[in-house]
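Hi everyone, thanks for making time.

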Amino acid sequence: MSRTALRICPLCEATCGLSLTVEGARVTGARGDADDVFSQGFICPKGASFGEIDADPDRLTTPLVRRDGELVRATWAEAFDLIAARLPAITEEYGPNAVGVVLGNPNVHTMAGALYPPALLGALRTRNLFTASTLDQMPKHVSSGLLFGDPFAIPVPDLDRTEHLLLLGANPLESNGSLCTAPDFPGKLRALRRRGGTLTVVDPRRTRTAKLADRHVAIRPGTDALLLASIAHVLFEEKLTDLGALAAQVEGVPEVAYTLREFTPEAVGPACDVEPDEIRDIARELAAAPTAAVYGRIGSCTVEHGTLASWLVDVLNTLTGNLDRPGGALFPLSATDRAPRPAGPGKGFSLGRWRSRVGNHPEVKSELPLAALAEEIETPGEGRIRALIVSAANPVLSAPDGDRLDRALAGLDFMVSIDPYLNETSLHADVVLPPPPPSQSAHFDFAFNGFAVRNQVRYTRPAVPLAEGRMDECEIHARLVLAVSGLHGAEPEAVDAMVVERTLARAVDDPHSPVHGRDATELAARLTGAGGPERRLDLMLRLGPYGDGFGADPDGLTLERVLAHPHGIDLGELKPRLAQVIRTRSGRVELLPAPVAADLPRLRAALGERPAALVLVGRRHLRSNNSWLHNIPALNGGSNRCTLQIHPEDAARLGLADGAGVRITADGGAVAAPVEITDSVRRGVVSLPHGWGHSRPGSRLGVAAGRPGVNVNQLLDGSRIDPLSGTSVLNGFPVELVPLS
């Protein structure tokens, strides 16, 4: 007999509510939850394939450990015994920095990946942390940290109320949005058009999103910062700036005007390949709109001036008075965020508190560039990474020069991987710890609710009971923390209890906390939930901005109240709250931070650079998410292909035929791919998607190996990095093409 179970989709940032059909212990169908307070029934092909993803026969069902050079099945006890024996010994002999940690993008799509890495890093005390952020959104964290004093204070476009959206380097009709959590992003863009609003899309490709736009600007890749700087210049030149209520909260406006004086449309136009008159039109339309928002994503982040582009996005939002304004760009308030504090100065945000051992890369948000991981493993000397913990990451495919990293991983003394698959990275591990399928895990979006276009709270318990022999993902992470911290053998709830104790101790000492002065032990005893992770969620909800404060507000949120609303609780539209957000040392928005000012000469120099004849950009597909889903038959096929897209005129000039092979060469090497001739890319630009290359011996991804594609990041050697954020340049780099006979 079948039954229905609710589940929040963990497969992209849209976080849609799903209604699953379950027969026994198997998910047999998935549709959108029409009663979900946030997604209201929207679903994409990834969510519709939930059952197939859940039941993928290539998912690992037991731990693997390396014996005599081979990975073999093992018990959970054997796996954690080996970790407890090896990792502490390495740190004792070589120091804490001998262990590195790599956190992949899927961590922010799970409860375990949100709750336990801080405890793991605290136990290890290593400075060698690498995450997918330096392949994606780190420029936005840096610009927000410098502007507002908090790297997580990222304003999102108020999609439901804005009258004008300027969108750069994003294709939400394929990606479902990013750093802007919005179920049915396509529907919201169409609604914008229906109410008479304007959509301007800046992208070198005529994407599905660009086809929907009122204005499509086919910019030269990598020049987003130049275009944005010129738009700001026009606003100043034509006296179109109007900060409105922001004026008292912002400093540095005259300084920005002065430093952008050289970025005239006439100077910028040739570099961007955008007509000066069009730049002026974009600026005037932005200033004239009743409400407007500027939004940039990965195409404007993973380029040589990614942090400057991210900074300029919010400079424009500020200069037009649309920052922290309904219909503009607002700061979400998650249910598990800290309760609002009184406005005032904070500690600010700093870069480069330490540097990497080999490449001298500055730390950013306690992370080092993922592009530097291989050199930190390969290079002898004190502080060399000898052991690695990789959680839900596949950097052999996602980071530059996977061949080099592949060789480096093979030289580690010890490696642990938390991964459901034996993929291109985890095949190097000495211990592989597989989490259960998503149907067997609870779900709460700690990260993405902080970027949601509407405040809401939703939590779903496992749709299917944990299968025999499986271990809950939170327990896996908790036991890993215990194994590396000398507490191997303790119950996993000990980690959660420690976090609860520390959190409550800080809360009762904080004069701004709703539980200031109360007894922490008594408060801990009042927490509810089936196990440590739910107790921690209950704690965060109670102490959060909508929480009950342990009885202080009888109508406030608790875990029990959230569980009583299985389709979620709507917490209302986004509201202005800039004063609560700012944590700069000045207590104001610092519109021209010193690190940005120091990097602007590099952008000025780009005005005179001669552009490469041919540059490459990536692309997204609705039925994939980086390298995650290529092993799912329903999602691997059709238009989801690893082809090199090229404009017909460029193809004719180079003698390339549709469907024929082409050799692509760049800094890091060469790959070969089939040609796809299309006028959806502008002249001088080619496009190869990210996340492919499933052809390495030893991986166990049967479907993906049947259509492996090529790894676009093998074209990069890791030397191209945005200096402010440490983010790899994955878009807009020069390539050469040669037909394959």
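R404 is partly exposed, with 25% relative accessibility. Keep in mind that this is a predicted model. The partner of R404 is E378, and the closest N and O atoms of this salt bridge are 2.8 Å apart. R404 sits in helix α18 and E378 in helix α16, so the bridge links parts of the chain 26 residues apart. E378 is partly exposed too, at 34%.

Now for another pair: are R536 and D496 buried or exposed? Both are buried. Their closest N and O atoms lie 3.2 Å apart.

In total, the count is 47 salt bridges. One of them pairs R193 with D214, with 3.1 Å between the closest N and O atoms.

Let's turn to the nonpolar side. The largest nonpolar core holds 61 residues, and F148, I231, W311, L319 and L591 have the most contacts inside it. Helix α10, residues 224-237, supplies the largest share of this core, with 10 residues. A second, separate core has 52 residues, among them A387, I389, V495 and I569.

Finally, what does F148 touch, beyond its neighbours within four places in sequence? Its contacts include A153, P155, D314, L323, F331 and L578. Thanks, I'm happy to take questions.

Methods. Residues are numbered from 1 along each chain as its sequence is written. This is a predicted model: local features need pLDDT of at least 70, side-chain atom pairs count only at pLDDT 80 or more; totals for chains, interfaces and linings use all residues. Side-chain values use heavy atoms; hydrogens and water are left out. A nonpolar core is a set of buried Ala, Val, Leu, Ile, Met, Phe, Trp, Tyr and Cys residues joined through side-chain atoms within 4.5 Å. Buried means under 20% relative accessible area, exposed over 50%, partly exposed in between (1.4 Å probe, protein chains only). Helices (H or I, at least four residues) and strands (E, at least two) are DSSP runs, numbered from the N terminus. Contact means heavy atoms within 4.5 Å. A salt bridge is a side-chain nitrogen of Lys or Arg within 4 Å of a carboxyl oxygen of Asp or Glu.
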